[in-house]
Amino acid sequence: MAPRFSRPYEAVTLDGELKVFAGSSNRALAEQIAMRLDQPLGSVTLKQFPDGEARVQINENVRGTDVFVIQSTSAPVDENLMQLLIMIDALRRASAGRITAVIPYFGYARQEKKSTGREPITAKLVANLLEAAGANRVMTLDLHAPAVQGFFDIPVDHLQASPLLADALHRVVSDKLVVVSPDAGGVARAHDFSQRLEDASLAVVFKDRMAPDEIQTLPVVGDVADRTAVLVDDLISTGGTLAEGARSLLDRGANAVYACVIHGVFANGALPMLARSGLEKVFVTDSIPLYNGADEGKIARVETAQLFAEAVRRVHNDESITAMFE
Ligand code: R5P
């Protein structure tokens with residue numbers, strides 16, 4: 001089995017003035033991105049006023065600069081989102097030349113439509129807020145629904161982690177694979193992933209979500225017996241989708257079950273649930289940091305710093321992002 005994915009990204013070289021600032025959600029990733037761009041992180045004070053309001057101070061000149069602000073809107077979601085908006089506002093008022101919000105994990109993307117009456121479309125509201133704050137561009141990784149790009153009237157660079165995940169999986173598993181979508185909505189993503197692997201077939205587990213934390217799996221469509229299965233999903237929240245999916249696949253004769261997931265949201269109890277599940281290993285990117293003291297157990301982290309650094313370099317130099325994924 002040989003995976004089909006892009007060649008390793010070229011070494012990063014820069015021309016012109018660029019600055020990278022980090023919010024507090026994923027500083028480790030921001031530091032790695034800046035390091036690969038051969039840049040120090042921009043100096044910014046991120047604190048709170050005594051009443052809990054966010055306090056942001058940009059500590060260096062950004063006039064006319066091409067600025068990239070790295071911030072995942074992961075938990076605490078509203079705090080991180082507000083901090084990002086305030087950083088953008090501060091940069092705009094300091095006359096930054098261009099501001100790109102680099103949002104490795106874009107929270108609220110699952111609220112992208114009304115599924116019943118009198119619900120908000122919060123993903124659209126967040127897009128409006130980013131534009132109102134002063135973002136000129138957005139860069140993000142595997143949105144829950146790619147259509148969220150259309151909620152913006154500014155350019156959105158939508159990066160894909162599937163080449164990195166396919167590569168990481170290929171280093172560990174060499175069996176004949178069946179790529180499995182854990183629900184009907186993820187079939188296109190699973191199909192795309194299967195195309196990156198040689199000779200991989202496709203299957204779907206149908207899932208019914210009775211409540212946000214309660215899942216029932218329905219029939220598996222496709223042949224999984226005597227194959228190693230790989231569940232492919234955009235995110236892990238409670239872990240229920242993957243744990244139930246793995247159970248269904250093992251019940252139907254799969255030899256082993258792995259998972260490749262873009263964003264590790266890991267709501268309370270998710271890691272122990274995954275540890276108890278029939279999954280062998282869960283490959284997940286570092287778009288969201290694991291909380292302090294978390295037992296990584298079956299989690300294998302896949303680094304995205306080089307992907308983001310290369311994308312930042314290309315945006316700064318007006319080069320193609322599409323070409324990174326061809
Ligand atoms: C749902 O549409 C998503 O793609 C994920 O399958 C879901 O959000 C995972 O959630 P959980 O880990 O709570 O089952």
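Student: How far apart are the mean positions of the positive and negative charges of the protein chain?

Tutor: They are 2 Å apart, for 32 positive and 42 negative charges. Lys and Arg count as positive, Asp and Glu as negative, while His and the chain ends are not counted. Each charge is placed at NZ of Lys, CZ of Arg, CG of Asp or CD of Glu.

Student: Where do these values come from?

Tutor: This is a predicted model, where local features need pLDDT of at least 70, side-chain atom pairs count only at pLDDT 80 or more, and totals for chains, interfaces and linings use all residues. Residues are numbered from 1 along each chain as its sequence is written, and side-chain values use heavy atoms, with hydrogens and water left out.

Student: What is the average pLDDT of the protein chain?

Tutor: The average is 92, and 93% of the residues score at least 70; pLDDT is the predictor's confidence in each residue, from 0 to 100. Over residues 1-12, though, pLDDT stays under 50. For that stretch the model has 37 contacts beyond four places in sequence, a contact being heavy atoms within 4.5 Å.

Student: What makes the protein chain as compact as a globular protein of its length?

Tutor: Start with the parts: the chain has eight helices and 14 strands. Those are DSSP runs, numbered from the N terminus (helices are H or I with at least four residues, strands E with at least two). The radius of gyration is 20 Å, close to the 20 Å that the globule rule gives for 326 residues, so the chain is as compact as a globular protein of that length. The radius is taken over C-alpha atoms, and the rule is 2.2 Å times the number of residues to the power 0.38.

Student: Why is Ser277 called buried?

Tutor: Its relative accessible area is 12%, and buried means under 20%, exposed over 50%, partly exposed in between (1.4 Å probe, protein chains only). So Ser277 counts as buried. Of the 326 residues of the chain, 53% count as buried. Ser277 is found in the loop between α7 (270-276) and β13 (279-285). Leaving aside neighbours within four places in sequence, Ser277 touches Ala243 and Lys298.

Student: How do you know whether Leu235 is buried or exposed?

Tutor: Same test: the relative accessible area of Leu235 is 11%, so Leu235 is buried. This residue lies in strand β11 (residues 228-236). Beyond four places in sequence, its contacts include Tyr105 and His263. The C-alpha atoms of Leu235 and Val284 are separated by 8.6 Å, though the two are 49 residues apart along the chain.

Student: Why is Tyr108 called partly exposed?

Tutor: Tyr108 has a relative accessible area of 25%, which falls in the in-between class, so it is partly exposed. Tyr108 sits in the loop between β5 (98-103) and α3 (122-133).

Student: And what makes Arg118 exposed?

Tutor: Arg118 reaches 84% relative accessibility, over the cut-off for exposed, so that is its class. Arg118 is also found in the loop between β5 and α3.

Student: What is phi for Tyr108 and for Arg118?

Tutor: Phi is near 70 degrees for Tyr108 and about 60 degrees for Arg118. Most residues other than glycine have a negative phi, and most peptide bonds are trans.

Student: Which residues does a cis peptide bond join?

Tutor: Ala75 and Pro76, with omega about -5 degrees. Pro76 is found in the loop between β4 (66-70) and α2 (77-93).
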